[in-house]
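User: I'm new to this one, could you walk me through it?
Analyst: Gladly, let us look at it together.

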Amino acid sequence: MVPRTFLWKRFLLQRGMMAAAFLLAGSILLVPRVAAQAPPLRAAAPKAMQAPAKPKLVVLLVVDQMRGDYVDKFLHQWTGGLKRLVEEGAWFRDAAYPYAATETCVGHATISTGAFPATHGMVANNWWDRGLGKSVTCTSDSKAKNSAYGGASFKDGDSESDEKEGGNSGVRLTMPSFADELKFQGGARTRVVTFSLKARAAITLAGHQADGVAWLDDTTGAWVTSNAFETLPFLDDYVKKNPVRKDYGKTWNLLLDKKKYLYAEETVGSVPPDGWNHSFPHPLRGKAAGADPDSSFYKQWKTSPFADTYLTQLAELAVDQLSLGKAGGMDFLGIAYSPLDYAGHAFGPRSWEVQDILARLDEDLGGLFTHLDKEIGPGNYVVALTADHGVVPIPEDMQKTGADAGLLHLPELRERIEKALEAFKYPKPAIASISGSDIYFAPGVFDKLQNDHAAMQAVLEAALAQPGVAAVYRADELRDRPATPQSSTQSPTLRAFAYSYFPGRSGDLFILPKPYWLLDSTPAGKQRSYGTGHGVPYNYDQHVPVLLMGFGIQPGQYFQSITPADIAPTFAALCGITLASRDGHILAQALKKPAEAHAQSQPARPKSAPASAPNTNP
Ligand SMILES: [Zn+2]
């Protein structure tokens, strides 16, 4: 047998000789056989290569809290844009986030950057800022200043955190988004516009710069932006003429025939917004049904399909006013549809409200795509639709199946840990904050615990004794994990927490609830203000749809397991730009071959084409 090293050396030698031969052939043409094969040096210039075709507009749609299985459950009832995405597009049926922190800011940042939170740094909607000693939202920026379109008054600051100063921006996103890179690398001028009801969705979809980013102020219904972004002059006029309060007095009724709704008319354990009952119809008349909108009206509005319709109108307005897709560059339009999330939190995934919102969103998206076809041309734009996370059934509803489901009370867990540390002479309180699954200790406490085996054991045992806790992970178990070779053999949940871990921002300990147990922060003695939630590494929170349609996309159903971080690299490939992160991958199986993509600026194929045509790829 020939020794391996010998073979390797011979290979190198051959390669060296071959390289030398080619060098000679190329320069002085001394090797006749090679020279004969080489093209003549002064041949007629070949026809100039046509520049690869690029999409004129990239459309990124995120439906907040849309579980992957909603497509399977409701597709047969859709007739508009959602149906068209499935029938004319590429449907990835096994898409899921691989990380633990399945929250809105995290999901949108992952979709927009093509990276996981361990890379992009958006680890939660809010986290405990150890330096400031307070909770901050993922888009808070003390240097930014917010303003409202149309000169409307609004409540500055964010109602979901202690943040009362400054405004919002993408400053905490540690890397450029796809839209940022498109602007930077695209060549011709790229316009970036995003809309959502939530700052953490609109901003993360855009990134650091944009021509327009707008979100809804929770309590006043004003459309807000910040000086981190350019402003859209036409929006001032539009929101003045079409204020949200115009929908005051409307009623949200069922769209479909009553018999078409799955599940019960009322979900056990649902917590509707103030002023609404547990079942349809839902009047948008605030809490008191007075003459004028109150803050409850805005809560109702953002939980209703009227808000999706409004967002779609904003999108069409931006396309028209900015001539998106018609200015010679590659433009970007991002819409984060938030109402499904509000409805899902209140009524749960097994509700008529969820089904109805999707049926109506299907209609809105049908209109949007028709508008884009007319303005930009079918096949000239590319669309991706996905979600930022899923949702768990309402625990009380799940318990009916006999399953072990419940509420993991975080304030109670906090008490247990404080109590366990009493015997070890730690400063009190030892815990600075519990935010979602992350426990943050007071300064110095975790460092001390890491060298204090008995106290650490007492903390872990106390946490594990809390009903609903499946496991507790320590920050030192997660650091740098995704990069280590062992990562493929470690437990999937530990790996999920590692994908979410960002030093400095993430907690010191991490709580993994048991499946179907909901992390609940409601203070003792208070009523829970929502039905259900999300934020953990189980499939009901991680599995989302990924649908691609239009320019360069090969229609079909795809069953490979992918993540929503694959959308941005796929867009980047279509647009001919490069992203920094390698967390996501190009969805090459759903891309047309270059020749097909070239020929694509033709009218799109008829809608009647079969949905899942035989293309079930390898
Ligand atoms: Zn969300």
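Analyst: A word on terms before we start: axes are lines fitted to C-alpha atoms, for helices over the stretch in contact, and angles run from 0 to 180 degrees between N-to-C directions. This is a predicted model, in which local features need pLDDT of at least 70 and side-chain atom pairs count only at pLDDT 80 or more, while totals for chains, interfaces and linings use all residues. Residues are numbered from 1 along each chain as its sequence is written, and side-chain values use heavy atoms, with hydrogens and water left out.

User: How many helices and strands are there in the protein?
Analyst: The protein has 22 helices and 22 strands, where helices (H or I, at least four residues) and strands (E, at least two) are DSSP runs numbered from the N terminus.

User: And how do H4 and H13 cross?
Analyst: Helix H4 (residues 81-88) and helix H13 (residues 352-375) have axes that come within 6 Å and cross at roughly 70 degrees. That makes H4 roughly perpendicular to H13, given that 65 to 115 degrees counts as roughly perpendicular, under 35 as roughly parallel, over 145 as roughly antiparallel and the rest as oblique.

User: Which residues meet there?
Analyst: On the H4 side they are Gly81, Leu82, Lys83, Arg84 and Leu85, and they meet residues of H13 including Leu358, Asp362 and Phe369, with contact meaning heavy atoms within 4.5 Å. The residues of this contact of H4 with H13 divide into five nonpolar, three polar and four charged; Ala, Val, Leu, Ile, Met, Phe, Trp, Tyr, Cys and Pro count as nonpolar, Asp, Glu, Lys and Arg as charged, and the others, Gly among them, as polar.

User: What about H9 and H11, at what angle do they pack?
Analyst: Helix H9 (residues 233-241) and helix H11 (residues 305-322) pack at an angle of about 140 degrees, with their axes 11 Å apart, and that makes H9 oblique to H11. The contact involves Phe234, Leu235, Tyr238 and Val239 of H9, and among its H11 residues are Tyr310 and Gln313. The residues of the contact of H9 with H11 divide into nine nonpolar, two polar and no charged.

User: Switching topic, where does Thr119 lie?
Analyst: Thr119 lies in helix H6 (residues 117-120). Leaving aside residues up to four places away in sequence, Thr119 touches Thr174, Met175, Phe502 and Asp583. Thr119 and Arg582 are 463 residues apart in sequence, yet 9.8 Å apart in space, C-alpha to C-alpha.

User: Is Thr119 buried, exposed or partly exposed?
Analyst: Thr119 is partly exposed, with a relative accessible area of 32%, since buried means under 20% relative accessible area, exposed over 50%, and partly exposed in between (1.4 Å probe, protein chains only).
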